[in-house]
Every structure is written in C-alpha cells, then in structure tokens.
Amino acid sequence: MDIVEGLRKVIQELLVPELRVLQTEVRELSMRFEQMQKQTNERFEQMQEQMDRRFNLVFKEFHSLREALGEISAKLDLSARVSRIEGAQEEIKRELDRLFERKPLSI
C-alpha cells in the first residue's frame, strides 16, 4: 500500500496545483465571456434602437409621400374634370354657333 499511497501523493502534488490553476483560468475566461456577452447585448440593443429610429423616419417620409401622391392624384383628377368641362363648353359653343347660323335675325 505504501507504493499506491506514495503514487497517489505524488499525483496529488503534481495534478492538484495544475487543476487549481486551470479552474482559475476557466473562471477568468467565464467572466471575460460574460463581459463580452454583456457588451454584445448592449451593442445589439443600441443598433436595434438606431434601426427603430431610422425605420420610423423612413415610415414618416413614406407617409408624407403618400399624402403628397394623394394630393397630386386629386389635382390630376381635377385637371381631367376641367378638361371634360372645357370640352363640353366647346361643344356647346359649336352647337350655339350652328344654331345661330341657320336662323337669320329679323330686324
């Protein structure tokens, strides 16, 4: 048993300090990883907020453009209506001219 116990003691003397060093390194790496993860999450949240602000600006601009397009569309429709009215006026004038040309005025 002395040989086994001696071997065990030697292994413990060699391995236990190394294991403790490794445990310390693992803890440090774990802490670094957690810090990096926290920084990454914060950066992601900042980017998300920035994207939300940009999206809202773009959305507002699209809304403004949509309103402007509606106004332009209404004006174009108004222009078409005016053209139809002017065409009808021309037709009435031609008809009136034709009617007055046929009937001589009696004085």
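Mentor: Begin with the term. A salt bridge is a side-chain nitrogen of Lys or Arg within 4 Å of a carboxyl oxygen of Asp or Glu. Keep in mind that this is a predicted model. By that rule, the count comes to one salt bridge. Its partners are glutamate 95 and arginine 98, whose side chains meet at 2.1 Å, N to O. That value is within the 4 Å cut-off, so the pair counts. Side chains of opposite charge can pair when their charged atoms come close.

Now look at where the partners sit. Glutamate 95 and arginine 98 are three residues apart in helix H1, so about one helical turn separates them. Next, ask how open they are. Buried means under 20% relative accessible area, and exposed means over 50%. Glutamate 95 has 36% relative accessibility, so it counts as partly exposed. Arginine 98 has 31%, and it is partly exposed too.

Step back to the helix. Helix H1 covers residues 2-102. The chain has one helix and zero strands. Its C-alpha atoms fill a box of roughly 155 × 20 × 10 Å along the principal axes. The radius of gyration is 45 Å, whereas a compact globule of 107 residues would have one near 13 Å. The accessible surface comes to about 11100 Å², and carbon and sulfur atoms hold 60% of that.

Charge comes next. The chain carries 19 positive and 21 negative side chains. The centres of these two sets lie 7 Å apart. Elsewhere, Glu42, Glu45, Glu49 and Asp52 form a negative surface patch. Take aspartate 52 from that group. It is found in helix H1. Its relative accessibility is 40%, so aspartate 52 counts as partly exposed.

Finish with a patch of another kind. Leu7, Val10, Ile11, Leu14, Leu15, Leu19 and Leu22 make a nonpolar surface patch of about 660 Å². Isoleucine 11 is one of them, and its place is in helix H1. With a relative accessible area of 40%, isoleucine 11 is partly exposed.

Isoleucine 11 belongs to the nonpolar patch. Aspartate 52 belongs to the negative patch. Glutamate 95 and arginine 98 make the salt bridge you asked about.

How values were computed:
Residues are numbered from 1 along each chain as its sequence is written. This is a predicted model: local features need pLDDT of at least 70, side-chain atom pairs count only at pLDDT 80 or more; totals for chains, interfaces and linings use all residues. Side-chain values use heavy atoms; hydrogens and water are left out. Helices (H or I, at least four residues) and strands (E, at least two) are DSSP runs, numbered from the N terminus. The radius of gyration is taken over C-alpha atoms; the globule rule is 2.2 Å times the number of residues to the power 0.38. Accessible areas come from the Shrake-Rupley method with a 1.4 Å probe; for residues, only the protein chains shown count as cover. Lys and Arg count as positive and Asp and Glu as negative; His and the chain ends are not counted. The place of a charge is taken as NZ of Lys, CZ of Arg, CG of Asp or CD of Glu. Patches are made of residues with over 30% relative accessible area and no salt bridge: like charges are joined within 9 Å, nonpolar side chains (Val, Leu, Ile, Met, Phe, Trp, Tyr) within 5 Å. Buried means under 20% relative accessible area, exposed over 50%, partly exposed in between (1.4 Å probe, protein chains only).
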